[in-house]
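Reader: I would like to learn how to read the features of a protein model one at a time. Could you take me through the general idea of each, and then show me the case at hand?

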Amino acid sequence: MFLLSAPVLRAAEISELDADSLGALAKDYAQSSFPLLRELLSIPNDANHPEEVEANVVWTESAFARRGFSTQRIATAEAPLLLATRQHADADNTVLIYLQIDGQPVDPSRWFQASPYTPALKQRNAAGEWEQIPWTAIENYDEEMRVFARSASDAKGPVAMFLASLDALADKNIAPNFNIKVIMDFEEELGSPNLPKAVTENRELLSADMLIIFDGPRHITNRPTLTFGARGIATVTLTTYGPVVPQHSGHFGNYAPNPALRLAKLLASMKDDEGRVTIPGFYDGISIDEATQEILRAVPDNEEEIRERLQLGSVDKVGRSYQEAIQYPSLNIRGMQSGWIDEKVRTIVPGWARAEIDIRLVLESDPERLIDLVKQHVRGQGFFVTDQVPDKALRMAHEKIATFTYENSYQSFRTDFDSEVGRWLRRALQRAFEEEPIQIRMSGGSIPISPFVNTLGIPAVTVPTVNRDNNQHSPNENLRLGNYRDGIRTMLGILTEPL
């Protein structure tokens, strides 16, 4: 294991690194690290393709080794995890940092550039549209310029920010007063299916005093933000059936039941017109007391601005505000398919219809219980429920059949605001930006952190850095360069804050 031996200034001794000096250092190292960011974003990283995963593992192994870290692959049933470790003299504490390296799959036809893996520098033109400009323009970048590429924000951008902050401190001969472990996940967008077992089997290797997650977007105001929890996630695939193969709608319409209609009615039965789940017991155990309401009200959301940005004439009524809404479990239809549409449309009664559903989890809800509630609801609507594609005998024996399969990926986590890690990170961001960070009790999205919290007992806080309007998971994902610079500033503040 690497031990820094050269004479260094300890973080506790660095009094000159105030907000102005951290800002200037971040500006310099944002500029010097743009080639690194471009190189990293150019490596395809769809976790469904093992050869792409391997290329990213090799790149990160090299990047961390060059910065004095020892690296170790943690084998799983699929893609490995990568652990990078660096010890510092006289350090009493160890901070574990979580970084995500993989990205969502891409549909290149919906990206407005040559390739999602060829980073494009863009700025808005007079019409307010994003226009590609030569990459050389980044030598004199404007903070409103953006880099468009898959994983620019989710979450290779934060990886590059972290590496740039390490370079800045090395050049200034500064070392943190805590040891650093970095765990890199190459299957996050697949739900990190192998992470819980890997954490259980490597307790000692991953042990730490606290966990920081560099992931996700800042608050919509783009001010420094800390998030103390995240919802978990489970997924359901629900399929209904009509004729064994698609049939001519003229010959068999009005005779062969349409599975798309059956699925639409089934899904509609799960929620009311205001977006609330109507399945009895789905929200049981959730209580928002006055103390929690005060925490939620302290987040400076502008509900009108959120609706305008999303172009929504109305919003669901699960909670009385955006922050309250994400304190509850959700039942979301994330995709539907049946037959054909657009230029491939044909006049048929489809053979099947399928919905992909995600259930966002909170600490107060048992994932298996919620999944079972949904399954029992499907049965209650008159469907014979199976986990297999039905054969002829099953089809003939039942009026309505639904195939129901699910995966419980990981649970929610939540850390107290006044925990040691919470107080430490607040101090760091206050010094870096000379303002109180926005503190969010729970983010709506999911990150696979609960195995660390629940198995290892490590308190965790997310430090988001990227712009909220980044199109993550969608075509034309992007990273605002002002956020890239401020992300480096954030990480410099944390790495130089005594623990």
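Author: Before we start, please keep in mind that this is a predicted model. Let us begin with a pair of strands: strand S7, residues 146–148, is joined to S23 in the antiparallel sense over 3 bridges, and within that pairing Phe148 has Asn478 of S23 as its bridge partner.

Reader: Which strands make up the sheet, and in what order do they stand?

Author: As a general idea, side chains in a regular strand alternate between the two faces of the sheet. Here the sheet is an open one of 4 strands, which follow the order S6-S5-S7-S23 with antiparallel pairing. Strand S6 (130–133) and strand S23 (478–480) are at the edges and have a single partner strand each, so one side of each is left without a neighbour in the sheet. From one strand to the next, the twist averages 35 degrees.

Reader: Which helix lies across strands of this sheet?

Author: That is helix H15, residues 481–495, which lies across strand S5 (120–124), S7 and S23, and runs at about 65 degrees to S23.

Reader: How should I read the packing of two helices, and at what angle do the axes of H1 and H15 cross?

Author: Two packed helices are described by the angle between their axes and by the distance between those axes. For helix H1 (residues 19–41) and H15, the axes come within 8 Å and cross at roughly 120 degrees, which makes H1 oblique to H15. The crossing of H1 past H15 is right-handed. Among the residues that make the contact are Leu22, Leu25, Ala26 and Tyr29 of H1, together with Tyr484, Ile488 and Leu492 of H15. Sorted by class, the contact of H1 with H15 has 12 nonpolar, 3 polar and 3 charged residues.

Reader: What angle do H13 and H15 make when they pack?

Author: The angle is about 125 degrees, with the axes of H13 and H15 lying 8 Å apart, and the two helices are therefore oblique to each other. This crossing of H13 and H15 is right-handed. The residues in contact include Trp424, Leu425 and Ala428 of H13, and Asp486, Arg489 and Ile494 of H15. In the contact of H13 with H15, 7 residues are nonpolar, 2 are polar and 3 are charged.

Reader: How is the aromatic pair of Phe178 and Trp424 arranged?

Author: A pair of aromatic rings is described by the distance of the centres and the angle of the planes. The count in this model comes to 10 aromatic pairs. One of them, Phe178 with Trp424, is edge-to-face, with 5.3 Å from centre to centre and 85 degrees between the planes. This pair links distant parts of the chain, 246 residues apart, since Phe178 is in the loop between strand S8 (174–175) and strand S9 (179–185), whereas Trp424 is in helix H13, residues 420–433.

Reader: Which strands pair with S19, and in what sense?

Author: Strand S13 (residues 232–241) pairs with strand S19 (residues 401–410) in the antiparallel sense, over 8 bridges, and Val236 is found opposite Tyr406 of S19. Strand S18 (residues 384–386) runs parallel to S19 and is joined to it by 3 bridges, with Phe384 opposite Ile401 of S19.

Reader: Finally, what should I look for in the backbone, and which residues does a cis peptide bond join?

Author: Most residues other than glycine have a negative phi, and most peptide bonds are trans. In this model a cis peptide bond, with omega about 0 degrees, joins Asp154 and Ala155, and Ala155 is in the loop between S7 and helix H3 (156–171). Ser151 is not a glycine, yet its phi is positive, at about 75 degrees; Ser151 is located in the loop between S7 and H3.

Conventions. Residues are numbered from 1 along each chain as its sequence is written. This is a predicted model: local features need pLDDT of at least 70, side-chain atom pairs count only at pLDDT 80 or more; totals for chains, interfaces and linings use all residues. Side-chain values use heavy atoms; hydrogens and water are left out. Two strands pair if DSSP finds at least two bridges between them. Axes are lines fitted to C-alpha atoms, for helices over the stretch in contact, and angles run from 0 to 180 degrees between N-to-C directions. Contact means heavy atoms within 4.5 Å. Angles under 35 degrees count as roughly parallel, over 145 as roughly antiparallel, 65 to 115 as roughly perpendicular and the rest as oblique. A crossing is left-handed if the near helix is turned anticlockwise from the far one by less than a right angle, and right-handed if clockwise. Ala, Val, Leu, Ile, Met, Phe, Trp, Tyr, Cys and Pro count as nonpolar, Asp, Glu, Lys and Arg as charged, and the others, Gly among them, as polar. Rings of Phe, Tyr and Trp (its six-membered ring) pair if their centres lie within 6.5 Å; planes under 30 degrees apart count as stacked, over 60 as edge-to-face and the rest as tilted.
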